[in-house]
Every structure is written in structure tokens, then in C-alpha cells.
Amino acid sequence: MPMTHYRRMTRQQAVAALSEFLAERPAALQRLHAELTGHGIDPAVLLDGTPESLTPLWQWITDRRAELAASPEAGTPVEPRQAWPSWARHTVTGMRVPSRTMFILLDGLVSYLAQIIATGAPIATWALGSPEDVHHHLHHYPVLTGAGHQIFVPTLPMVGVARLKRGERSLRPTELAEYATAVIDALREEPRTAAPPDPPVVVVAEPEFFDIGLRADIATAHSQLVDRMVTELAVQDGVAAVQREAHDALVVNAPGWDADDLQRWLQAWFEIRTPFHQEARKRH
């Protein structure tokens, strides 16, 4: 399938991409099993299907951070884009020197996380994200849906592994386990009658910069978190400057990004730190 972003796909293309994503899961999990076995670890013991097992798996991936970036001079070539998992080809517009090992570990983690969530929330189903809303950040993504929620499983693993590759501070040791537990709780709860909240940010592309609008509750109740986000975004590859113009508005000069890149990064950043599932967990 052409390397079209999910949000730009026709419905027919998106249905085919969902099928492709699901078809890739068993092989990706097998590659992860083989990688563990090759390092003397019994995958049947480590990967016991519980959210808690994500913690030692993440530690093992973290310990291999030096292998995530390609080093052609050392015989570790860059993984070509056409060989990336379909979900990465259809969401990530660019990535500096990823190695094959990175995608074996990352895609295996995605498959294992999806397996844990689907097992814990058996009523959840795979579907196209927000098929009728072309402006939604998950429009035509392959998502797990249930109880009014839709989850794009690769988001947190991708953010975590990409940060490891760049040598940045990444996920907390138990963050994936806590996330899986919270998502399972959310997908199993009673459907909400109220409409889901608006996305935390809206990205508008201007000729020479991006205009970012923040959702009112985030701008007001999480102002310090927004300041932290500004600091982290400003040091990303391809970002020249980030300025907070008002409490609910930012201006971003990012010549190396497009609007989808920025929307995806901001969406993932805020969902990790102010996730819907924190409130869901309080109610249980």
C-alpha cells in the first residue's frame, strides 16, 4: 500500500490498512519472541499476558537503547521506510537512522500491548478511528474501541522508544503497565452518554509557522504542564522555536515538521500526561 497518512486515506484504503495492521501483529510478536530467546530469555515466562509483565519487558528494551539507532559504519544499516511496520509508515513522516532492531522491539511491543489490552477488555473491537470526522486526530487510524473510547495502541510505545533512540528521558519503568491497566478499565466501563472531549490541541498551519490552540481545561488547569511541553517541544529535531503567545495559544516554528507530525506529537504528549484514564481509574 502507498505510504499515505491514515488521515488522508479513503475509507477503502483505511479498511485495507486496518487489515494490514492486524495481519502484521502475529509475525511482529513472533519476532519479539525470537529476539528474547536469542538473548537467553524465555518469552513464555517473561510475557505472561499481564499488564505487569510490561515492566520487565520495557526494562529489557531500555537496556538495549544503544541498538535502536542505526550505525552503518558498524554494519547496522538504516531500516528503509518501506520495511517499517505499516502503522509507522502511515503516521511517521520522518525518523533519523532507525535500525532494524528498533522496529523488531517496537513493533513486538505494540503487538504484545495490543494483546494484553484486547485480552483484558474482550468486548473491545478493532475499527477505523472516527470515520465520520475528517478533522479528528485518529481519523481512519486502526484503533481498539469500547465504551466510547478509541485507542491507537502504538502511540505510547512509539513515543517511548523514539526517546530512547534519541538518548532522551523516556517512560517511567511502570508507565506501560499502568497505561495498559487504565486502558483496559476504560474500555470495559459503561458507555458514556456525553460526547467525548475535544482533542487537547488544534494545529493550524500558517505559511511560515504553526498556530496551536490549547483546549480550555488544559490551558487553565494545567498551565505548568503546558510550559513543560513547550520546553520539550523546543528541543525536538526540526523545531526552531516555540513561543507561548497566550495561556491557550502557542506559535511553533518547525520547518522540519508538517501539521500531522505536530498534531501527533502534541496529542501523544498530552494524552500520556493528562490521560482520560486517570479519571476512569479514580472511579473504580
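Modeller: A residue counts as buried when its relative accessible area is under 20%, and as exposed when that area is over 50%. Keep in mind that this is a predicted model. Start at alanine 147. Its relative accessibility is 12%, so alanine 147 falls in the buried class. It sits in the loop between strand 2 and strand 3. The backbone there deserves a check: alanine 147 is not a glycine, yet its phi is positive, at about 55°.

Serine 130 is another non-glycine residue with a positive phi, here about 35°. Is serine 130 buried or exposed? With 15% relative accessibility, serine 130 is buried, because the cut-off is under 20%.

Next, the strands that these loops join. Three strands make up an open sheet in the order 1-2-3, and the pairing is antiparallel. Which strands stand at its edges? They are strand 1 (125–128) and strand 3 (149–151). Each has a single partner strand, so one side of each has no neighbour in the sheet. From one strand to the next, the twist averages 45°.

Look at the pairing itself. Strands of a sheet pair through backbone hydrogen bonds, in a parallel or an antiparallel way. Strand 1 and strand 2 (residues 142–146) pair in the antiparallel sense, over 4 bridges. Take threonine 125: its bridge partner in strand 2 is threonine 145. Helix 1 (residues 11–38) packs on this sheet and touches strand 1 and strand 2. The direction of helix 1 makes about 145° with that of strand 1. Helix 7 (residues 175–188) lies across strand 2 and strand 3. Helix 7 runs at about 145° to strand 3.

Another open sheet is formed by 4 strands, in the order 4-5-7-6, with antiparallel pairing. Its edges are strand 4 (201–205) and strand 6 (241–246). Each of these has a single partner strand, so one side of each is left without a neighbour in the sheet. On average, neighbouring strands of this sheet are turned by 20° against each other, direction ignored.

How many bridges join strand 4 to strand 5? There are 5, and the two strands run antiparallel, with strand 5 covering residues 210–214. Alanine 205 has phenylalanine 210 as its bridge partner in strand 5. Helix 9 (residues 223–234) lies across strand 5, strand 6 and strand 7, at about 155° to strand 6. Helix 10 packs on the sheet and touches strand 4, strand 5 and strand 7. The directions of helix 10 and strand 4 make an angle of about 165°.

Finish at proline 255. It lies in the loop between strand 7 (249–253) and helix 10 (259–273). Its relative accessible area is 66%, so proline 255 is exposed. Leaving out residues up to four places away in sequence, proline 255 touches Gly238 and Ala240. For scale, consider leucine 187, which is 68 residues from proline 255 along the chain. The C-alpha atoms of these two residues are 38 Å apart.

Definitions and conventions. Residues numbered from 1 in each chain as written. Predicted model: local features only at pLDDT ≥ 70, side-chain atom pairs only at ≥ 80, totals over all residues. Heavy atoms only, no water. Buried < 20%, exposed > 50% of the residue type's maximum accessible area, 1.4 Å probe, protein only. Contact = heavy atoms within 4.5 Å. Pairing = 2+ DSSP bridges. Axes fitted to C-alpha atoms, helices over the stretch in contact; angles between N-to-C directions.
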